[in-house]
Amino acid sequence: MCRSIKTLREPFTPQVTEADVEAAALQYVRKISGFRAPAAHNAAAFDAAVAAVAEATRTLLDQLVVRGAGSGTTDRSATAAS
């Protein structure tokens, strides 16, 4: 597992930002591809992979139900909309 990727769900991270999701997606794609930055001929594929992983991450976080998270937690989709 990539050590730079942090857990993005409550209660580990009370507020997840778009920057957190994008950073995790970028780290994941870097780890899988083995490239810190892709060559020009691979840039489109690299960027598309980062976008797809970020979208999958958003979907996962929006659909997760954390039991016993307490009343202080917020719905991620409601937070993102504000």
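Q: In which helix is Ala 52 found?

A: Ala 52 is found in helix α2, where a helix is a DSSP run of H or I with at least four residues, a strand is a run of E with at least two, and both are numbered from the N terminus. This is a predicted model, in which local features need pLDDT of at least 70, side-chain atom pairs count only at pLDDT 80 or more, and totals for chains, interfaces and linings use all residues. Residues are numbered from 1 along each chain as its sequence is written, and side-chain values use heavy atoms, with hydrogens and water left out.

Q: Is Ala 52 buried or exposed, or does it lie in between?

A: Relative accessible area decides this: under 20% is buried, over 50% is exposed, and the range in between is partly exposed (1.4 Å probe, protein chains only). Ala 52 has a value of 47% and is therefore partly exposed. Ala 52 lies 27 residues from Ala 25 in sequence, and their C-alpha atoms are 8.3 Å apart in space. Asp 47, also found in helix α2, is partly exposed at 49% relative accessibility.

Q: Which elements make up the chain, and in what order do they run?

A: From the N terminus on, the order is α-α-α. The chain has three helices and zero strands. Of its 82 residues, 21% are buried.

Q: How many residues does α2 have, and what distance does α2 reach?

A: The expected span of a helix is 1.5 Å times one less than its number of residues. With 21 residues, α2 reaches 30 Å from its first C-alpha to its last, close to the 30 Å expected.

Q: Which residues of α2 are buried?

A: They are Phe 46, Val 50, Ala 54, Thr 57, Arg 58 and Leu 61. In general, an α-helix has 3.6 residues a turn, so residues three or four places apart point the same way.

Q: How far apart are the end C-alpha atoms of α1, and which of its residues are buried?

A: The end C-alpha atoms of α1 are 22 Å apart, which agrees with the 22 Å that its 16 residues should span. Its buried residues are Asp 20, Val 21, Ala 24, Ala 25 and Val 29. Seen down the axis, these fall within an arc of 160°, so they line one face of α1. Just after α1, Gly 34 takes a positive phi of about 85°.

Q: Where is Val 16 found?

A: Val 16 is found in the segment before α1. At 15% relative accessibility, Val 16 counts as buried. Val 16 and Leu 61 are 45 residues apart along the chain, and their C-alpha atoms are separated by 9.2 Å.

Q: Which residues lie nearest the centre of the second largest pocket?

A: A pocket is an open set of points on a 1 Å grid over the protein atoms alone, where a 1.4 Å probe fits, with protein on both sides within 12 Å along at least five of seven lines; lining residues have an atom within 4 Å of a point. Of the 14 residues that line the second largest pocket, Ile 5, Leu 8, Thr 57, Leu 60 and Leu 61 lie nearest its centre. The elements that give two or more residues to this lining are α1 (18-33) and α2 (43-63). The most comes from α2, with five residues.

Terms used
The arc is that of the directions from the helix axis to the C-beta atoms.
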